[in-house]
Amino acid sequence: MERTKERAARSGSALELLVHGVGGTTPEQMLDDPRTVRITGDDTAAVFRRAEDAEDPEGAAGPARGGREPVREAYVWCNLTSGNASRALWLLLLPFMVVNLAHWMRPAARGHARAVRLYGLLVRLAALTLTVLLVAAVCEVAIDLTAWQCAGTRACAERHTWLGFLSPTVEGGGWWSRPGRRLALAALLPAALSCLLWYLSHRTWNAYESQRPMTHPAEAEEDTARTALGRPGFWYGRRLVARLRAAHTAAALLTVAAAVAAATARHDRAPGGSALLDVLGRLLLTAIAAGAAGAVWVVCRRGRSERRLDRAVDERLVRRLPRAALVLLALTLVHAGWERPGWTSSGRLPGDATFGGLALVQGLIVIVMAGVAHALHRTHPDPRAAMRGLGGPAVAMLACALGGVMSGGVSQRVADWLDGTGDSIPGPPVLLTWQASVIPPLIVVLAVLCCWLARRTWQLRRTEIARVEADYPGETRDRALTRRIATVRTLATLTDRAPLLVAVGSVTTLLLGAAALVGALTTRQPPAEAAARSYAVVHGGAQTAQALGSWLIGFGFILFVTWGRRAYKDASARRTIGILWDVGTFWPRAAHPFAPPCYAERAVPDLTWRIATWTRATGGRLVISGHSQGSVLAAAAAWQLSAADRRQVALLTYGSPLERLYGRWFPAHFGPAALSALHHDVACWRNLHRPTDPIGGPVRLPGDCGPEVDHEPLRDPLAYGRTERHPLPTPILGHSDYQADPAFATERAALLTRLTPEADLPTQR
């Protein structure tokens with residue numbers, strides 16, 4: 001009885017829960033008060049209040065403020081993506097993050113479960129090839145270039161004295177100078193990388209995927225209009241990530257074992273090789289192939305369990321598969337280190353077949369993905385979907401290209417460093433040289449497209465000048481100011497051209513990659529040598545592309561390393577990288593377990609618990625106020641609430657990419673049907689946007705729902721020139737400081753007015 005009276009007394013309580021966007025901020029800035037108190041949470045993510053409001057964490061001081069303003073709370077989550085210096089290592093995981101995004105970019109589909117499962121399977125297979133590609137690149141550097149080529153060549157080993165103990169000629173041929181033992185020792189580097197990836201994934205798995213969201217019963221509408229983000233198990237991917245981590249770790253270790261076993265098998269099968277070692281080598285290769293098939297089977301076995309909280313963990317599989325791969329690797333290294341009289345290292349190890357096979361498989365996967373995505377899009381067309389539903393395959397293609405560039409860059413730079421200015425070692429596989437050579441043509445195509453976009457932007461700017469003059473009637477014209485506002489508005493529209501840039505880039509990459517694969521396999525020579533007998537123009541172009549591509553890929557690798565080192569030491573640079581992760585790691589790790597962890601698996605349960613516990617304890621009114629990426633987290637948290645809790649919540653979004661970015665690129669989860677369902681589920685929703693904002697935009701709900709949610713575009717700047725209210729020139733705010741606009745306070749007050757306290761609601765539970 002006392003609890004009922006207390007809730008009734010507090011029925012006038014009001015709370016505004018602020019959620020910041022990309023880049024992060026401080027609670028002092030969010031609450032506009034230097035004195036803030038953490039009321040719940042930890043050093044990673046927490047909810048803060050002003051010190052004067054922190055006496056009663058469950059209640060709200062609305063009556064004490066005369067009912068004018070709600071109590072404000074700030075949820076600060078920036079440390080989830082830009083915390084300590086180890087986050088700089090996440091740069092190495094960029095291709096994994098990109099391919100994980102492709103999983104969530106499928107078109108909306110209803111009643112096509114098999115096609116949806118096939119799409120997810122293809123993305124998981126593409127992710128597995130990226131793991132193999134990364135480890136194969138490290139094997140190329142450590143095993144082939146360093147241990148096989150450089151240590152086996154006198155001139156290269158003399159240039160790098162630290163390789164002297166591996167050389168059969170520099171220091172008299174010690175125990176480690178045998179080719180097999182050199183390979184076994186060098187294989188420890190890619191094996192250590194595989195273990196490091198496992199460790200990083202396991203550590204973040206305990207911190208992110210193991211955060212249990214608030215449980216609620218599944219709703220019948222979730223398979224029709226409502227998005228899958230409202231399902232009980234959507235933000236709890238513990239079992240899938242553990243299973244994928246085991247499969248990818250096993251695949252990485254088996255890749256190292258295969259690289260060593262293939263080199264020893266080539267010697268043992270040659271005339272004069274040991275018959276016993278040949279038989280043992282064949283058995284090892286068979287076991288490695290069986291282990292690889294097992295890893296692929298685990299990846300293909302099943303996808304995510306979203307309809308319930310799947311708390312089970314396949315402990316036997318998670319433990320035994322990587323351990324079996326590690327045992328096979330150890331046996332392979334012992335087999336390689338066995339004495340083989342007369343074995344010398346010359347030429348390259350068979351790397352072209354490995355990299356060529358990976359490139360071919362990745363290309364075929366992307367093509368099949370495009371067919372599946374096109375079929376899904378045709379069943380339920382969405383005119384706003386990016387690239388007509390083909391955004392996922394295009395992004396998967398870019399992830400494979402990024403992985404290829406990183407692999408080729410590492411191999412090319414290490415080869416140049418080992419060989420210096422001479423020609424003492426054969427260098428990396430021919431295919432990697434061909435892939436580097438197609439980078440200049442790709443840059444030319446993208447440069448032409450950017451020039452065309454610049455021309456279109458300039459033309460649009462002329463039209464925008466007239467609109468700016470119409471938005472500020474009766475003002476004394478300032479031509480420079482008008483042009484500046486028109487320029488900012490026009491540049492903000494470039495975000496909507498991103499699908500065209502991605503489409504052209506991915507298609508060009510696919511075609512050039514196919515040409516590089518065909519050229520490498522048919523000629524087995526670098527482009528310049530393959531075109532030596534052709535026309536002078538062709539030969540000159542091949543030489544230029546090869547030299548420029550090698551320089552570009554090396555420059556990119558150096559820039560990548562420099563950026564990572566700076567991010568490790570500099571907190572501000574690390575925060576910049578965190579902005580990339582804010583966008584790229586919102587989604588759970590459904591395709592690649594080594595991708596940077598999904599911060600939303602911590603943030604969404606945090607918000608859900610806070611909203612539900614406060615509304616149930618007080619029966620008051622709550623406005624979730626989300627800016628930029630915070631609006632996406634706010635929507636995801638609202639979907640996770642029970643139906644009764646959602647009816648006590650209002651949404652106020654500003655600078656929101658819900659439709660402009662997420663609705664277009666992730667139509668299955670943020671499409672028109674999903675956003676319309678969110679509008680009907682919460683008590684009320686208003687969205688603020690500016691024409692100068694390059695990220696946020698209108699929600700564009702279909703029918704009569706659009707004006708109910710979207711406020712008319714806010715003027716930016718607030719005043720044209722100097723006025724009595726703004727005696728100094730006002731800045732163009734763009735994506736920032738929406739709360740400075742008077743419309744923000746007006747809309748927030750209107751939402752609180754529309755919200756009905758729980759005490760006045762009929763019983764609905």
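Reader: How many salt bridges does a search of the whole structure find?

Author: This is a predicted model, in which local features need pLDDT of at least 70 and side-chain atom pairs count only at pLDDT 80 or more, while totals for chains, interfaces and linings use all residues. Residues are numbered from 1 along each chain as its sequence is written, and side-chain values use heavy atoms, with hydrogens and water left out. A salt bridge is a side-chain nitrogen of Lys or Arg within 4 Å of a carboxyl oxygen of Asp or Glu. Under that criterion, the number of salt bridges found in the whole structure is 25.

Reader: How far apart in sequence are the parts tied together by Arg72 and Glu16?

Author: Arg72 forms a salt bridge with Glu16, and the closest N and O atoms are 3.5 Å apart. Arg72 belongs to strand 4 (residues 71-76) and Glu16 to strand 1 (residues 14-19), so the separation of the parts they tie together is 56 residues. Here helices (H or I, at least four residues) and strands (E, at least two) are DSSP runs numbered from the N terminus. The sequence separation asked for is therefore 56 residues.

Reader: Are Arg72 and Glu16 buried or exposed?

Author: Buried means under 20% relative accessible area, exposed means over 50%, and partly exposed lies in between (1.4 Å probe, protein chains only). Glu16 has a relative accessible area of 0% and is therefore buried. Arg72, at 16% relative accessibility, also counts as buried.

Reader: Which residue forms a salt bridge with Glu73?

Author: The closest N and O atoms of this pair are 2.6 Å apart. Glu73 lies in strand 4 and its partner in strand 3 (residues 46-50), so the pair ties together parts that are 24 residues apart in sequence. The partner of Glu73 is Arg49.

Reader: In which helix do Asp278 and Arg282 both lie?

Author: Side chains of opposite charge can pair when their charged atoms come close. Asp278 and Arg282 meet in a salt bridge of 3.3 Å, N to O. Asp278 counts as buried at 15% relative accessibility, whereas Arg282 counts as partly exposed at 41%. The two residues are four residues apart, about one turn of the helix, and both lie in helix 9.

Reader: Which residues are linked with Glu464 in a network of salt bridges?

Author: The network includes Asp471 as a further acidic member. Together with Glu464, the linked residues are Arg467, Asp471 and Arg489.

Reader: What is the torsion about the S-S bond of Cys150 and Cys156?

Author: With a disulfide taken as a pair of cysteine sulfur atoms within 2.5 Å, the count comes to one. That disulfide joins Cys150 to Cys156 with an S to S distance of 1.9 Å, and both residues are buried. The disulfide is left-handed because its S-S torsion is about -90°.

Reader: How far is the sulfur of Cys451 from the closest cysteine sulfur?

Author: Cys451 counts as exposed, at 56% relative accessibility. Its closest cysteine sulfur is in Cys450, too far for a bond, at a distance of 7.1 Å.

Reader: What is the relative accessibility of Leu280?

Author: Leu280 lies in helix 9 (residues 275-301). Leu276, Val279, Leu280 and Leu283 make a nonpolar surface patch of about 380 Å². Leu280 counts as partly exposed because its relative accessibility is 37%.

Key:
Patches are made of residues with over 30% relative accessible area and no salt bridge: like charges are joined within 9 Å, nonpolar side chains (Val, Leu, Ile, Met, Phe, Trp, Tyr) within 5 Å. Accessible areas come from the Shrake-Rupley method with a 1.4 Å probe; for residues, only the protein chains shown count as cover.
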